[in-house]
Amino acid sequence: MSTQLRLDALRGSGVIAKPHNARTIAALTRNPGCTRRAVMDAAGVDKDKTAAATGHPASIGKLSPLAVARGQGFEARVKSQGGAELLRLLRENLGLPIPQAHYLDLGGDDDSVIGGRYLRSRSALAASADSGPDAGTLFDHPMLRLQIAGVWVYLEPDMVAFRLEDKFYIIEIKSFAIVDGVADPGDVTRAAIQSSVYVLALRNLLADAGHDPNLVADQVILVCPKDFSNQPTAHFVDVRKQLTVLRRQLARMADIDRLLDSLPDGVTFDLAPDAHGLPTRSAADLAHALRSVEARYAPECLSACELALFCRHDAHDAHSTAALGRTVREELGGVDCTSTAVALGTGTLVPTDDLVQAAETLRAAHALRTAILGQLA
Amino acid sequence: MADPLGIEELDQRISEVKTEIRKAVSAQDFAQASRLRTQLRALEAQWHGALELAESSVSGKPGNMQLPVRETVHQILTLLAVPAAPRTIVAVHAAFFAGELAGSQLTYLRRDEERSFRTAPHGRPYYLCSALTYDRLTAARGLIAVSSWPLHRRIVGTLSARVDYLRSAIKLAEHIDRTDRPSPAAQRLLWQVAAGIPNASASFGDARPASVIEAATAELSVHDDDDRVQREQAARRARKQLGDAEQLFGAPTLSAVRKAG
Amino acid sequence: MSTLTSYARALAAETGQAKRLGTVRHLHVHDRPLVIVPLTLAGETNAPVAAMAGSQHDKPTVIVAGQPRMRSKRLDFAAELAEVVLPFITECAQRIEYVPTGRDGSEMRTRMADAPQLWVPNPGGISYLRMLGRMTRLRKTVGEYAVPLPVPEMGKWLTWFAEQSEFADTSLLQATTRALSGVWATGQSSVEDGNLAALMAWIAPPPGQSGAQAARRAEDPVTCPPAGPSTDPTFDAVVLKPALDAIDKATSDAARARLLQRLADDLTGQLQPTWDLVWQAIEALRAIPAGNHVPHRWERDRDNFGGYYQHLASDGRPQARRDNAERSARRLNDLERRLALYDAQRAFDDPMVMAEYRMGGDAFCGNVIHAEPDRTVKPGNRRQLRPLIVVQTTDPLRLLPGDADLTDQQRPKQTATILDVQHSGTATHVTLELSGSMGRGLTATPGSVPERGGTVTYSRLRTGYSAPGAFPDRDSIPWTHGGPPAQHIATEDDAREEWS
């Protein structure tokens, strides 16, 4: 069976694969060791719906409409009037020459012509790469694509590709503030990994048009509000590290057949929706199918994966030490299960050969707690 | 039927129903959420009713003395002399006009104008219409223009956004220069526009009309020729290929063609 | 994290109850702290929506920013909060005490008899106060965009509190979740401990529930609102955004007033549970005995408070937007020194903390099985008293012969050098040579040296004075490090920035 057919079968009959975007692609790089997630993402399974159908609705992915409105408002301001604000920043910070003030909106309102929009973006950017800088400066809403698990995924970024001399840059507009030159490191990291998705996709586009992909810089330009104002400010962010991580995960997903081979025959995450789109498959049956694919739950999943609460539930049932944190598992000598750790500590369990050293540490820990804390232990 | 609820009770009921909606949304029970939203709308209608009853002694709203939105937008576009986006129009309105203009009031403006034109072509002295993309001659996203302008001014080429920004800056500066005592809002708008033009403003928050005009004209001379060539070529093409309505509101997009066919 | 805390987590997970990490708490708990529970608008940089503040559990002040999307309203909010914060600070600065100083203690200096202690629900609350401080401290009180005097005044204080909170050893500004996690281990991960409701559920579950069960229930944002500063996204979607939109569109003052009242009630409903949890947490922490060094550290907190109070009274300039190279370097040095001292004090105050060092092999505890208190050596011309002891320990030792500068808490000025390490069965015999703090002659003063049969704990931890790093004067900083720093002068831009 072809990979595509196998993935379709996992997703279920007649279900359209959930489209990817930079955020979901960026999320692929979190917890790369989790087979359950890799397989579901490759198949485009709606993890949100799946989680709800198991009785563990996702706790993530809910965006405040206030935050969304703020983000859109800032972006609209930065891009308005042919990117007048952007031009000012680029002229002031990067010495962009005055004649280069071209602005081309490659966006469209209709997704039925995605392939056509990709071609239009490709020809506009290729034309720019072919000729001098006069053939374009700012390209808004270029349509890009990436191959994920053998499938072309189209990306419609709200970002701008920018040409300076012979390099193209990704401009990522975010509404978190840079206060006194410092932004929240978590926000910057998230922005960097999302931008790296665009860098990779833009490189693919140029390669597709027969150009050197390295025309795209591995630094991106991050545009954010300055201090407490609405005025934008621009900073370079190096995304080389994120590109490496992303490439590695995409390569892993390209090799999805190997992961699919490890699954039991006939497994599917089909929710068998009724006419109203409500799942008819029983929660127990679905959970059984999910459990046939190995997961690697860690607390970090809670902020990165829609299925996290389901996996956490299982991890707790298994008394998993990793569910308490990856370092906790390490510090308990690699023991997988909290019951085992405590039984080894109290000496009620005789360690197997591989756990002799861990048992010694745990017994010492238990002895110290009892000796020092007494009643409190 | 029970007595209508008092406004305090309604406030409390509304808060309770909202909590129920949040529970339903969290549990992804969208059917329940939708039922509750219907309930909420009814409560909010009652709330407004109760409030009006409480306020019935207070006189009604003052009569609306403003121009129709269409006229206001026409005035602003005439002032700017270039196609403009709703947010620009709202900003100019706030700087020069009394009363409120919300972006949402502009949402259906162009569609209504198109409908009017198609029903009775050329029945009005002007229409608020689209700007056209230079390559595909379709309606440029989010821009409003005036039908009486020469077609090439309604074309958007790759440099047109910049050129139009500079042109409108000149027009704004000229307008402020003619005004006896420009409002602080108008001066702030001029400064904001000037901030995007090299050498247009002396310092933070300070922009003089004369220096804005000089700086904008200087940059304009760099782009103007290239832009004009692109626009005029496109305009010639548009006159040849498009009917009257399409010249005003843009060539049909691919999807529209498909739907028709 | 360490093996002992991880083991405590495993124990908690297995039993369903939170487990104590140590014998004492290491933070000061004020008799009358000021609690601030802030909420901020999602997606904005420091757009206060509401806050509950006060120094009495049953008397909170609720502050609601009617329209947080309007920037001017944010400063109105700050002015209201300042009315709670500033009187509280002033009140703590009413009395001073005299403490001896100088070489022989004959001179006296003053110290604040009290200092304000602020509590917020979590580290996000500290970031919030830092941002609010940054937003308000550079405001001008005269001219265009003037704000009321208390606004920049509070800004300077909040900035100061946020700066202080970076020091591990201060009790001036506490994030409740962090304070609790220093005392209890739960059976969930530290990520989940970041949720105050879930953390308190482990520590003090409702009757009839295990900590684990209570924590799961506490994760429901509808029944247990997030402790902020961000509000629950579904609250934003269903309550907050529609309310703000409706207030914007209200056609009469009466309607606006009613909508504001309803919003205030809804926001109070979001704040109250967290407010109660913070006070519950403070009480729970107060019930734990304090470590011996806690009062000493609180003395320094009071000294620092007095110092900044004086600074504001005499100079009053706000903190610069950014530290210059000189200040950053000094600060980094301070952070490190104070952290090392704090680590040592904690280990000496709490055998469980010392146990961490013992498990790691950096400290050992045992019995003196052999002592030669009058042993002397003659490395050069002069004979010196160098007593010798042998300690028997079962701790996993990582120290090696030749390792020096070890001390035992009971004799902080006496150092030991390891001469020999012998393993016999499960025990280890460590031979130590001692020097210092044992009298002047060639015979040790009785009791100055550990005796046979005594219990000792040796480590490299020490609580004595350590000199600050040496830094050049501000005028002689080389150009490679930015040259002499410019004095910070607040500019017009500072005062008007967010209006632009």
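Domain 1 of chain A and domain 2 of chain A bury about 960 Å² between them, 80% of it on carbon and sulfur atoms; buried area is the accessible area (1.4 Å probe) that two parts lose on being put together, summed over both. Of the area that domain 1 of chain A buries against domain 2 of chain A, 48% is supplied by A:A22, A:I25 and A:T29, more than by any other three residues. The model is a predicted one, in which local features need pLDDT of at least 70, side-chain atom pairs count only at pLDDT 80 or more, and totals for chains, interfaces and linings use all residues. Residues are numbered from 1 along each chain as its sequence is written, chains are lettered from A in the order in which they are written, and side-chain values use heavy atoms, with hydrogens and water left out.

Chain A is divided into domain 1 (3-59 + 256-297), domain 2 (65-248) and domain 3 (323-376), with bounds from an automatic or database domain assignment. The contact (heavy atoms within 4.5 Å) takes twelve residues from domain 1 of chain A and 13 residues from domain 2 of chain A. The centres of these two domains, taken over C-alpha atoms, are separated by 31 Å. Zero salt bridges are counted between domain 1 and domain 2 of chain A, a salt bridge being a side-chain nitrogen of Lys or Arg within 4 Å of a carboxyl oxygen of Asp or Glu. On the side of domain 1 of chain A that touches domain 2 of chain A, the elements giving two or more residues are α1 (3-11) and α2 (22-28) of chain A; helices (H or I, at least four residues) and strands (E, at least two) are DSSP runs, numbered from the N terminus. With five residues, α2(A) gives the most to that side.

In chain B, the domain assignment gives domain 1 (7-55) and domain 2 (69-251), and their C-alpha centres lie 43 Å apart. Helix α7 (residues 184-195) of chain B has twelve residues and reaches 16 Å from its first C-alpha to its last, close to the 16 Å expected at 1.5 Å a residue, where the expected span is 1.5 Å times one less than the number of residues. Its buried residues (under 20% relative accessible area, 1.4 Å probe, protein chains only) are B:A186, B:L189, B:L190, B:W191, B:V193 and B:A194. These residues pack against α4 (86-96), α6 (160-178) and α8 (209-241) of chain B.

Chain C contains 14 helices and 17 strands, and buried residues make up 51% of its 500 residues.

Conventions:
Buried means under 20% relative accessible area, exposed over 50%, partly exposed in between (1.4 Å probe, protein chains only).
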